[in-house]
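Come and look along with me.

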Amino acid sequence: MPEDRDAPAPDFTVRDAVTVYLQQNAAQNQLWTMYVVATFTAIAFAVNAASQHSAILLAAGAIGFLAFTTGHLWLIRSGLALLNAAAADIADLSRDREQVAGARIRAQLSRPVRVRASLLAHWAIDACVLAGFAYGAWTLAQPR
């Protein structure tokens with residue numbers, strides 16, 4: 001009988017899967033916190049670069065933000081994939097359990113995370129920051 005490579009290892013328990021899930025969830029929270037700080041900083045930078053009449057600073061800031069947000073988006077997507085893998089393992093390992101204790105939390109943790117919602121939120125925030133840079137560029141283009 002062929003081995004199922006997607007099945008959790010026999011000594012991998014629900015507790016192990018929950019630990020992975022919680023660690024990855026904490027990492028996602030830290031990534032989003034860092035992202036919020038970076039986006040506010042980027043908008044402030046865009047406004048200040050425009051007020052200093054520096055097209056080079058404004059362009060460098062926009063390129064830097066695009067590089068940062070692309071990397072951040074990749075980290076979020078890979079982290080959400082790990083969260084969903086842990087959720088699937090929790091669901092698989094919990095399926096045969098007879099005890100009622102912890103059933104609700106296992107059911108909650110075994111739900112897949114909605115990747116699309118996170119990506120849409122990320123893109124919406126990115127668009128707002130890029131609008132800030134566009135406003136800065138527009139400000140620089142106005143006659144003084």
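**Burial and ground rules**

I began with burial: of the 144 residues in the protein chain, 29% are buried (under 20% relative accessible area, with exposed over 50% and partly exposed in between, using a 1.4 Å probe and protein chains only). I remind myself that this is a predicted model, where local features need pLDDT of at least 70 and side-chain atom pairs count only at pLDDT 80 or more, while totals for chains, interfaces and linings use all residues. Residues are numbered from 1 along each chain as its sequence is written, and side-chain values use heavy atoms, leaving out hydrogens and water.

**Confidence**

I looked up pLDDT next (the predictor's confidence in each residue, from 0 to 100). The protein chain averages 83, and 86% of the residues score at least 70. Among the elements, helix H3 (residues 103-109) has the lowest mean, 70, and H4 the highest, 90. Where pLDDT is low, the predicted coordinates should not be read in detail.

**Helices**

I found four helices and zero strands (DSSP runs numbered from the N terminus, with H or I of at least four residues for helices and E of at least two for strands). The pattern along the sequence is α-α-α-α.

I checked helix lengths against the expected span (1.5 Å times one less than the number of residues). H1, with 38 residues, reaches 56 Å from its first C-alpha to its last, close to the 56 Å expected. After H1 comes His 53, with a positive phi near 60°. For H4 (residues 115-141), the 27 residues should span 39 Å, and the end C-alpha atoms are 39 Å apart, so the two agree.

**What does H4 pack against?**

I asked which helices the buried residues of H4 pack against. They pack against H1 (14-51) and H2 (55-94). Among the buried residues of H4 are Ser 118, His 122, Asp 126, Phe 133 and Thr 139.

**Cores**

I then traced nonpolar cores (buried Ala, Val, Leu, Ile, Met, Phe, Trp, Tyr and Cys residues joined through side-chain atoms within 4.5 Å). The largest has 12 residues, including Val 14, Tyr 21, Leu 31, Ile 76, Leu 83 and Leu 109. H1 and H2 each supply at least two residues of this core, and H2 gives the most, with six. A second, separate core of eight residues includes Ala 42, Ala 49, Ala 62 and Phe 65.

Gln 24 lies in H1, and its 17% relative accessibility is why I count it as buried. Leaving aside neighbours within four places in sequence, Gln 24 is in contact (heavy atoms within 4.5 Å) with Gly 79, Leu 82 and Leu 83. Gln 28 is also in H1, and is buried at 3%.

**Aromatic rings**

I counted three aromatic pairs (Phe, Tyr and Trp rings, the last by its six-membered ring, with centres within 6.5 Å; planes under 30 degrees apart are stacked, over 60 edge-to-face and the rest tilted). Tyr 35 and Phe 68 are stacked, 6.4 Å centre to centre with 15° between the planes. This pair links Tyr 35 in H1 to Phe 68 in H2, 33 residues apart. Tyr 35 is buried at 0% relative accessible area, whereas Phe 68 is partly exposed at 27%. Ring pairs join Trp 32, Tyr 35 and Phe 68 into a cluster.
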